[in-house]
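Here's a quick briefing to read with the model open beside you.

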Amino acid sequence: MTKTSDQYWFDLFDRRGTRRDFLRVGRDAAALVALGSLPGCGVGRPVRFNSDPFGFGVASGDPTPDGVVLWARLGRDALREVGAASTPVEVSWEIAEDDSFSRIVGTGVADALPALGHSVHAEVEGLRPGRDYFYRLMSGGAVSPVGRTKTAPAANAANDRFDFAFVSCQHYEHGFFTALEHLSAENLDLIVHLGDYIYEGAATDGRPRRHEGPESTTLRLYRARYSTYRSDPQLQAAHAAAPWIATSDDHEVDNNYAGIWPEDDQSPEDFLLRRAAAYQAFYEFLPLRRTSMPVGPDMRLYRRMRFGNLVEMNVLDTRQYRDDQPCDASIGPSCAEHFEQGRSILGSAQRDWLVNGLAASEAQWNVLAQQVLMTRFNSRNAQGDVTWQMDKWDGYPLERQAIIEAMADSGVSNPVVLTGDIHSNWVARLARDFDDEASPAIATEFAGTSLTSGGNGIPMTGWGADGLRYNPHVDFYNYQRGYVLASISPDRWTSRFRIVPNVEERGGSVETLATFVVENGRPGAIQE
């Protein structure tokens, strides 16, 4: 059961023994506690800004048939200039059928609260399903840029097309967000971000760009890191171009963290303080609903969204509830712990929610939008021993088997897994038995490469004969940067792997490297 904010902090004080241990985190912890008692609407005061407070742009997200979340965050410098850095500020919004706002269909007022970094998450309702809309926010005489959004089709609509893209892994220092600039021009129904929206590590010299500061560990430092990323005009353009669905992976908190276990040498208590700060910053900077507002170190990110009869999307969280990676390794040979019963990457509540939802779905295509590679990847070390990537689903093979069998046994229509994290493009068949080449595919997995992480990469489409021999269920591999476009109709799913060969310099071009199709009722992708 998710704890309330008061329960969490009480338990933490009780375990550590004194209130002094809590107070040492200072203002960051105080801001986190404030989430448990946020004031209601209507407390924001009008101001008159001297400079533009909308320097982070605008965004929309989590669309439903009748609404969407509108997001903005007021800039701290603009707030300080008018003496409003620590007070709620009134923000109004408009949504219209045209970008000139001659046909306004909704207006409202929201409060930008200091406890949430003066971010606004306005949940708009009463819109028409499957329609384009345009929106803007206003405060203190300033007007934000205009964003485009789109509502989901009606839940039972017989829609015959849905176009979206999925992306992940945007390391600011590794390159420019050129891929997002190209993505902004694709005219999509939706953009799905599968995690690593920021990278938490300390600034590093000798890279194409440099972000601020030491490694992010507190709310102040996480806010600073997000501020750097959200100041990027190409990222802003992608947010303004279409509604987003976002989930997080590890770098929003700490590299390869697992549940309450960090990569760094911290106690679980110290790490939960850090995780609470990281989750709050993630909420503050993304267009998420109130249902995803964190409570202490807990944040509900797994959720299900329906897009007519055509698509149902299960958005997963493979970090917050997982057991620690087995065998004390990120990549290594198996051990007894590896195959222990009950080890989970999803946690029991999320796993049951996923399995039950798949069994009940009536959608034509059923998507698992998640973080780490699900397909088995059998590799060898220098001595010829089998090794496994323990941070992926390979570290949790029994639960992967249970999910694949649940897909097969439930007869869910056209399951497709979308994956980020791995900084490379993959197409794979998820089989009930990976050791049997004759075992039929149960689902298709499309893994998308990074937007910038890893730099330019190299134009390779395989990793050698041994890799292909040990993994015959993998049909495609590429190590460049970009994004994946998915076009869905009742009869077929088409994935186009869009590549930006150069992200380490500005102005890179984009090209379609490969196109794969999944036909209705036939798991496994075919290259066109």
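Are D232 and R209 buried or exposed? Both D232 and R209 are buried, where buried means under 20% relative accessible area, exposed over 50% and partly exposed in between (1.4 Å probe, protein chains only). Keep in mind that this is a predicted model: local features need pLDDT of at least 70, side-chain atom pairs count only at pLDDT 80 or more, and totals for chains, interfaces and linings use all residues. Residues are numbered from 1 along each chain as its sequence is written, and side-chain values use heavy atoms, with hydrogens and water left out.

**Salt bridges**

- The count comes to 34 salt bridges, each being a side-chain nitrogen of Lys or Arg within 4 Å of a carboxyl oxygen of Asp or Glu.
- D232 pairs up with R209, with the closest N and O atoms 2.7 Å apart. D232 sits in the loop between α6 (219-230) and α7 (233-241), while R209 is in the loop between β10 (190-193) and α6, 23 residues apart.
- R73 and E284 also meet in a salt bridge (2.9 Å, N to O). R73 belongs to strand β2 (residues 67-73) and E284 to helix α8 (residues 268-285), so this pair ties together parts 211 residues apart in sequence. R73 counts as buried at 6% relative accessibility, and E284 counts as buried at 0%.
- E123 and R289 form another salt bridge (3.4 Å, N to O). E123 is in strand β5 (residues 119-124) and R289 in the loop between α8 and β12, 166 residues apart. E123 is partly exposed at 23% relative accessible area, whereas R289 is buried at 16%.
- There's a network too: salt bridges link D249, D250, R319, R322 and D391.

**Helix α9**

- Helices here are DSSP runs (H or I, at least four residues) and strands are too (E, at least two), numbered from the N terminus.
- The buried residues of α9 (residues 348-360) are Q350, W353, L354, G357 and L358. Down the helix axis they fall within an arc of 125 degrees (taken from the directions from the axis to the C-beta atoms), so they line one face of α9.
- N356 and A360 are exposed on the other side of α9.
- Covering the buried residues of α9 are elements including β12 (303-307), β13 (311-315), β15 (365-369) and α10 (397-410), with contact meaning heavy atoms within 4.5 Å.

**A three-stranded sheet**

- An open, antiparallel sheet has 3 strands in the order β14-β17-β16, where pairing takes at least two DSSP bridges between two strands. Its edge strands are β14 (331-332) and β16 (379-380), each pairing on one side only.
- β16 and β17 (residues 386-389) are joined by 2 bridges, and R380 has V386 in β17 as its bridge partner.
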